[in-house]
Amino acid sequence: MVEARSFAVTRVDLADIYRLYIDCLNRQDWPALGQFVHADVTHNARPLKLSGYRAMLERDFREIPDLHFDIELLITDPPHIAARLKFDCAPIGTFMGLAVNGKRVSFPENVFYEFDAEKIRRVWSVIDKVAIEAQL
């Protein structure tokens, strides 16, 4: 568990927290999600709260059983992180409005995070849909 600190978080601290968060996602350790995600989290300007954020992630794993988050690029500038995540997976059915139907696709996600008290408070995410379309 990440401990709250009374001093400002460093770039290294923030990167470590983020890597632990990604590990939490990959293990689907949903009870631990609150260690990394703020109770009032927003995603692409939608207020989800922690419960809604967790539901979104659980749905992603149901729709993409082999989902795995790989950090390709990570830049920290507290309280912000910019990451390029890489995915190589086989979504079942429709994904992002595309009939993927179990075909293996590779694509990046560019995502920005704002942290508050060492927890993710705001997320802005863009998935490269064109890269997926090119593989179908």
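Gln28 is partly exposed, with a relative accessible area of 36%; here buried means under 20% relative accessible area, exposed over 50%, and partly exposed in between, with a 1.4 Å probe and protein chains only. The model is predicted, so local features need pLDDT of at least 70 and side-chain atom pairs count only at pLDDT 80 or more, while totals for chains, interfaces and linings use all residues. Residues are numbered from 1 along each chain as its sequence is written, and side-chain values use heavy atoms, with hydrogens and water left out.

Gln28 sits in the loop between α1 and β1; helices (H or I, at least four residues) and strands (E, at least two) are DSSP runs, numbered from the N terminus. Although Gln28 is not a glycine, its phi is positive, about 55 degrees. A positive phi also occurs at Asn44, near 50 degrees, again in a residue other than glycine. Asn44 belongs to the loop between β1 and β2 (46–47) and is partly exposed at 35% relative accessibility.

The loop between α1 and β1 also holds Pro31. Pro31 is exposed, with a relative accessible area of 71%, and its C-alpha is separated by 26 Å from that of Asp88, 57 residues apart along the chain. As for another proline, Pro79 is in the loop between β3 and β4, and the peptide bond from Pro78 to Pro79 is cis, with omega near 10 degrees.

Let me turn to the helix that precedes Gln28. α1 has 17 residues and reaches 24 Å from its first C-alpha to its last, close to the 24 Å expected; the expected span is 1.5 Å times one less than the number of residues. Its buried residues are Asp13, Leu14, Ala15, Ile17, Tyr18, Tyr21, Ile22, Cys24 and Leu25. In general, an α-helix has 3.6 residues a turn, so residues three or four places apart point the same way. The cover over the buried residues of α1 includes β1 (37–43), α2, β3 (70–77), β4, β7 and β8, where contact means heavy atoms within 4.5 Å.

How many disulfides are there? The count is zero, a disulfide being a pair of cysteine sulfur atoms within 2.5 Å. The sulfur of Cys89 is 19 Å from the closest cysteine sulfur, in Cys24, too far for a bond. Cys24 is buried, at 0% relative accessible area, and Cys89 is buried as well, at 1%.

Cys89 lies in strand β4. Not counting residues up to four places away in sequence, Cys89 touches Ile64, Asp66, Lys103, Arg104, Val105 and Phe107.

Finally, the largest pocket contains about 480 Å³ of space. On a 1 Å grid over the protein atoms alone, a pocket is an open set of points where a 1.4 Å probe fits, with protein on both sides within 12 Å along at least five of seven lines, and lining residues have an atom within 4 Å of a point. Of its 26 lining residues, His43, Asp60, Glu109, Ser125 and Ile127 lie nearest the centre. Elements giving two or more residues are α1 (11–27), α2 (49–63), β4 (80–89), β7 (105–116) and β8 (119–127), and α2 provides the largest share, six residues.

Conventions: Grid points are joined across faces, edges and corners, and a volume is the space filled by probe spheres set on the points.
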